[in-house]
Structure formats: structure tokens, C-alpha cells
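Visitor: I would like a close look at a single part of this structure, the charged contacts and what surrounds them. Please take it residue by residue.

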Amino acid sequence: MKLWLLLALLLVPDALENVIGQQSPKNKRPKEPGENKIKPSNKKVKPKVPKIKDRDSPGSMPKTQSIMMHVLDNGRFQKPAATLSLTAGQAVELRCKGSKIGWSYPAYLDTFKDSRLSVKQHERYGQLALVNSTAADTGEFSCWGQLCNGSVCRKDEAQTGSTYIFFTEKGELFVPSPSYFDVVYLNADRQAVVPCRVTVLAAKVTLHREFPAKEIAANGKDIMYDVKRGFVYLHPHVDHQGVVYCKAEAGGKSQISIKYQLLYVEVPSGPPSTTIWASSDKVKGGEDISVLCTVLGEPEVDVEFRWLYPGQEGERPVTIQDTWRLIPRGLGHTTRLSQSVVTVEDFETIDAGYYICTAQNPRGQTTVATLVESS
């Protein structure tokens with residue numbers, strides 16, 4: 001009995017110590033269900049701010065999906081790539097989704113109202129078909145939806161499609177030209193293009209000057225090569241004038257293009273530079289008189305003339321003749337001289353007054369006048 005009591009007294013202090021050690025501190029509350037048991041860290045963490053796309057940024061702009069499909073020989077449909085290479089003679093069928101479709105294709109097919117080309121509008125799509133294709137048909141084929149209000153339509157920029165088709169033909173590395181010589185006008189204020197386009201996408205094309213004979217480097221700064229357009233003169237100047245041609249190499253064969261005469265234009269772009277002159281400012285009855293209206297302008301820009309003269313309301317008979325020609329002005333400079341002349345025979349009192357000439361081109365119009373009196 002004394003032995004048992006002695007053992008109990010020895011074990012009780014150890015048991016009490018274990019119980020006390022397992023008790024929670026009085027100031028520590030019990031954890032709620034679902035409470036995070038991870039101890040908080042003293043590290044400072046930057047809050048992540050979500051990136052917001054700018055509405056005006058290119059990435060946020062709606063993407064335009066092509067509405068064009070290429071109908072393959074087996075009847076299947078495929079979205080055409082930016083460029084297609086086909087063999088001359090192959091038929092081509094393109095379709096664009098929409099109830100009212102506009103089309104654009106190489107101007108060569110429109111010039112002669114080519115019967116090989118067919119453009120039709122169906123209920124749900126537009127169709128372009130070309131048969132017996134040739135190297136001359138090489139070019140851009142594009143379509144677009146049209147938004148119409150009555151008879152007035154405009155292009156829907158969100159509904160478009162295009163592909164550039166190379167029609168490869170034996171012996172034709174260059175797209176054929178209707179002439180053996182062409183003129184390219186160089187203007188200081190805009191690009192000029194030597195249009196030697198090829199029919200083989202992989203062809204190596206170089207530009208050459210005829211005299212003195214040398215290759216002209218297309219460095220991308222002054223001159224660059226665009227497979228869809230030709231050699232582009234980015235900043236034309238007078239030193240670029242002369243006769244040039246292109247050379248193409250592909251598949252172990254080479255070919256020379258037609259020649260191009262580069263002419264520098266002296267007259268700047270703008271409304272017509274117009275002058276007027278009368279053969280006499282005082283005319284006697286029964287005499288003849290001529291009034292000349294002259295425009296100096298760009299070689300490729302047409303000019304239209306309109307006249308107002310004293311006897312017009314009385315239907316006084318006059319003769320009006322319009323002409324134009326290219327004239328050299330200094331070394332390598334070329335200008336278009338356009339003229340219109342009014343001739344009055346058997347001058348009468350009714351013919352006296354102001355002769356007014358209006359010259360117009362695509363960039364504006366200019367009006368000049370001169371007074372003719374009866375003496």
C-alpha cells in the first residue's frame with residue numbers, strides 16, 4: 001500500500017505538466033470554420049492591376065474577315081491566299097458572300113470587254129469567272145460588299161476580299177504590254193512607277209539603264225521593287241530621267257521587258273496655269289479676230305476648256321478648236337501645252353466685249369478674260 005501511494009505521488013506532477021502544456025493561451029481565440037490557417041507574412045506585395053486595352057489601339061479594332069472564296073476544280077471552296085500562282089489556260093472562279101457585291105479586276109479585261117470574263121450577282125453571293133486565262137490577266141482581283149440607300153451605294157469596308165493571281169505562261173516572264181515603248185512621267189511631289197510586272201512570283205527582277213548601260217540598284221530608299229506594281233521611284237528627281245528596261249530571271253530563263261522613257265515634269269501639280277491673248281484688242285467691222293487660251297501643265301493631265309463670249313446669247317457663229325502637244329522645256333523637262341482658240345469672222349458690234357476662258361483639270365480650274373473693243 002505504501003509502495004503504490006509513493007508511485008502515484010511521483011507520477012502526478014508529470015501528468016499535470018503535460019496537461020498545462022497542451023492548454024491554449026487565454027488571449028488566443030478559437031479559429032472559425034474555414035478560416036485561413038496560414039500565418040500572415042510581413043512581405044509587402046504589389047497589387048496586380050489588370051491591363052485594360054486601349055479602345056483606339058490596333059489590337060482592339062475589329063478584324064475584317066475576307067468574304068472571298070476560291071472555287072477549286074473539284075468543286076470545293078477555299079479562302080484564297082494573298083497571292084495565287086496558276087497556269088495560263090486554267091479557269092478561275094471566285095465567289096464573294098453578299099446580296100450586292102462590287103468587283104475589281106485587271107483593267108486589261110475591261111478594255112476590250114473581254115467575253116472570257118463573266119461577273120454575276122446571285123441571291124446570296126457574287127460570282128466572277130474567267131476562262132482561257134493568259135499571262136496578260138495577271139493582277140489583283142478584289143470584291144466588296146455594298147451598302148445601298150436606294151440607288152446610292154457605298155463600299156462596306158468591313159466586307160472585302162482580294163487576291164493577286166499570277167498566270168504563268170511559257171515564254172512570258174513579264175505581263176505582256178500592248179506597246180514596245182512606254183513613257184513614265186516623273187513628278188517631284190509623288191511616286192512614279194515603271195510597271196514591269198512579272199508572271200512568276202519567284203522571278204528575280206532587276207532594273208537597268210540603257211545609256212550609259214548599268215544596273216540601277218533598288219535600295220528601298222529611292223527606288224523599291226513591288227511585285228504587284230513594278231519598280232517604284234519613291235522620290236523622283238531630274239537625275240532619274242532616261243531610258244530604262246527590266247530584266248527577269250526564273251527557272252534558268254531570262255527575259256527583257258519593253259523600254260520605258262522617264263521624263264521629268266517641270267510644272268508642279270495644281271489647277272491649270274492659264275493665260276489668254278487676243279490677236280487684237282481693237283477690231284474694225286468686217287475683220288477677223290482670234291482669242292487664244294493657253295495652259296502649261298503636267299504631260300498626263302487632261303485639260304478641258306469652256307468659253308463665254310459676247311455674241312453667245314445671240315448665237316453668233318464662232319469656231320472653237322482645242323489642241324495639245326508635249327514640248328521640251330530645258331534639259332529633260334517635259335510640259336504639256338494645251339490650247340483653245342475662238343475665231344470670229346466678220347467682226348460686228350455685237351462681238352465686242354469680254355472673252356472669258358475657263359480651263360479645268362482634276363485638281364481645279366482657272367478663269368481668265370480679255371477685253372476686245374470695236375474701233
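Guide: Arg190 counts as partly exposed, because its relative accessibility is 27%. This is a predicted model, and in it the side chain of Arg190 meets that of Glu298 in a salt bridge, 2.6 Å from N to O. The pair links distant parts of the chain, 108 residues apart. Arg190 is in the loop between strand S11 (181-186) and strand S12 (192-194), while Glu298 is in the loop between strand S21 (289-297) and S22. Glu298 is buried, because its relative accessible area of 4% falls under the 20% cut-off.

Arg190 also meets the side chain of Glu300 in a salt bridge, at 2.9 Å from N to O. Glu300 lies in the loop between S21 and S22 and Arg190 in the loop between S11 and S12, so this pair ties together parts that are 110 residues apart in sequence. With a relative accessibility of 37%, Glu300 counts as partly exposed.

A further salt bridge joins Glu210 and Lys259, whose closest N and O atoms are 2.3 Å apart. Glu210 lies in the loop between strand S13 (204-209) and strand S14 (214-216), and Lys259 lies in strand S18 (residues 253-265), so the pair ties together parts 49 residues apart in sequence. Both residues are partly exposed: Glu210 at 32% relative accessibility, Lys259 with a relative accessible area of 35%.

Salt bridges that share partners join Arg190, Glu298 and Glu300 with Asp189 and Arg363 into one network. The structure holds twelve salt bridges.

Strand S22 (304-308) belongs to an open sheet of four strands with mixed pairing, in the order S20-S26-S25-S22. S22 and strand S20 (282-283) are the edge strands, each pairing on one side only. Between them in the order, S25 and strand S26 (residues 364-374) run antiparallel and are joined by nine bridges. Tyr355 has Thr370, in S26, as its bridge partner.

Asp346 is in the loop between strand S24 (333-344) and strand S25 (353-361). Asp346 counts as partly exposed, because its relative accessibility is 48%. On the surface, Asp346 gathers with Glu287, Asp288 and Glu345 in a patch of negative charge.

Conventions:
Residues numbered from 1 in each chain as written. Predicted model: local features only at pLDDT ≥ 70, side-chain atom pairs only at ≥ 80, totals over all residues. Heavy atoms only, no water. Patch = residues over 30% accessible without salt bridge, like charges linked within 9 Å, V, L, I, M, F, W, Y side chains within 5 Å. Areas by Shrake-Rupley, 256 points an atom, 1.4 Å probe, with all protein chains shown as cover. Salt bridge = Lys/Arg side-chain N within 4 Å of Asp/Glu carboxyl O. Lys, Arg positive; Asp, Glu negative; His and termini not counted. Charge placed at Lys NZ, Arg CZ, Asp CG, Glu CD. Helix = DSSP H or I, 4+ residues; strand = E, 2+ residues; numbered from the N terminus. Buried < 20%, exposed > 50% of the residue type's maximum accessible area, 1.4 Å probe, protein only. Pairing = 2+ DSSP bridges.
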